[in-house]
Amino acid sequence: MAFEGGDGSGKSTQARLLADRLRAEGQDVLLTREPGGTEVGERLRSLVLDPAHAPIDAVTEALIFAASRSAHVRQLIDPALRSGRTVVTDRYVDSSVAYQGAGRALGPDTVAGLNEWATDGLHPDLTVLLDVDTTTAAARRAARAQSPGGTGPDRMESEPEAFHRSIRAAFTERAAAHPERYLVLDAGQAVPELASAVWGRVAHLFGGQLGGQLGGRFGGPDDAGGEARR
Ligand code: TYD
């Protein structure tokens, strides 16, 4: 399962709540995030997001996110799935398609192709898109920056409103193209309401098998075939 959305959409909270709920149902869950998740991924994260670093051109930026994702899939996600765990990731390929493909204008297809290679075609069973209007998201980011211990905006967050609007459009277009693999929610709703909508869809996906033993959930190009998960 993957959670996607713009900065300030609340996806990290929802990813954590889903992981907690699945654990309460007896699932062995790997909760992870991108960029990051592995040692190399965390180092790439600070490299690519720290506003103190020199400007990074768009192609290099896309390659860094893809490199971080490749490490994430090969070192963490794939082994977890193979051992029967359920994987919940805070951001995945769609973030690159939206931020680098649309936001940085590299083209969604180019970035999607690069990421097919990086992930060996591993797709989530379900992607939850938390769709938030860009004004609300900007207000949330500002509130977070001012909260105790809050950090300043990263390199993406400091981009202008038009950048965030193009990202939002790219996320929703991708979801509309594959409705069977997406749950799109209005992130303006309260946290418990969102969590219960997510849970409704996830429980359906598990098809009544929660509480019992179940193989790894994340998915592949053809989730019905075991080899798709490699
Ligand atoms: P995230 O950790 O979700 O930030 P936060 O927790 O502060 O909301 O994501 C970090 C930033 O990296 C976010 O602005 C989106 C960006 N990003 C990309 O541009 N491309 C990618 O492929 C990924 C995974 C993230």
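A pocket, on a 1 Å grid laid over the protein atoms alone, is an open set of points with protein on both sides within 12 Å along at least five of seven lines. A molecule sits in one if more than half of its atoms lie within 2 Å of its grid points. Keep that in mind for the first stop.

Before we start: this is a predicted model, where local features need pLDDT of at least 70 and side-chain atom pairs count only at pLDDT 80 or more, while totals for chains, interfaces and linings use all residues. Residues are numbered from 1 along each chain as its sequence is written, and side-chain values use heavy atoms, with hydrogens and water left out.

**Stop 1: the ligand**

Select the ligand; the space it takes is the largest pocket. Now show the residues near it, meaning those with a heavy atom within 4 Å. There are 17 residues around the ligand, and Asp7, Lys11, Arg91, Ser96 and Gln100 come nearest.

Next, look at polar atoms, using the cut-off for a polar contact: a pair of N or O atoms within 3.5 Å (within protein, one must be able to donate a hydrogen and the other to accept it, and residues adjacent in sequence count only if both atoms are side-chain atoms). Pick Lys11: an N or O atom of its side chain is 2.8 Å from an oxygen atom of the ligand. Gln100 has a polar side-chain atom 2.8 Å from a ligand nitrogen atom. For Glu157, the distance from a polar side-chain atom to a ligand oxygen atom is 3.3 Å. On its own the ligand has 550 Å² of accessible area, and the protein covers 93% of that (Shrake-Rupley method, 1.4 Å probe; for residues, only the protein chains shown count as cover).

**Stop 2: the helices around it**

Colour by secondary structure: helices (H or I, at least four residues) and strands (E, at least two) are DSSP runs, numbered from the N terminus. Select α2 (39-49), α3 (58-82) and α4 (93-103), each of which supplies at least two residues of the shell around the ligand. Which helix gives the most to the shell? That is α4, with four residues.

Now colour the shell by class, with Ala, Val, Leu, Ile, Met, Phe, Trp, Tyr, Cys and Pro as nonpolar, Asp, Glu, Lys and Arg as charged, and the others, Gly among them, as polar. You'll find five nonpolar, three polar and nine charged residues.

Click on Arg69, in helix α3. Buried means under 20% relative accessible area, exposed over 50%, and partly exposed in between (1.4 Å probe, protein chains only). Arg69 counts as buried because its relative accessibility is 2%. Its side chain makes a polar contact of 2.9 Å with the side chain of Ser96.

**Stop 3**

Most residues other than glycine have a negative phi, and most peptide bonds are trans. Go to Glu34 and Pro35, which are joined by a cis peptide bond with omega of about -10°. Pro35 is in the loop between β2 (29-33) and α2.

Then try Arg91, in the loop between β3 (86-90) and α4. Arg91 is not a glycine, yet has a positive phi of about 80°. Is Arg91 buried or exposed? Arg91 is buried, at 10% relative accessible area.

Ala105 is in the loop between α4 and α5 (108-119), and has a positive phi of about 60° without being a glycine. At 63% relative accessibility, Ala105 is exposed.

**Stop 4**

Technical notes
1 Å grid on protein atoms, 1.4 Å probe; cavity = no way out; pocket = protein on both sides within 12 Å on 5 of 7 lines; lining within 4 Å.
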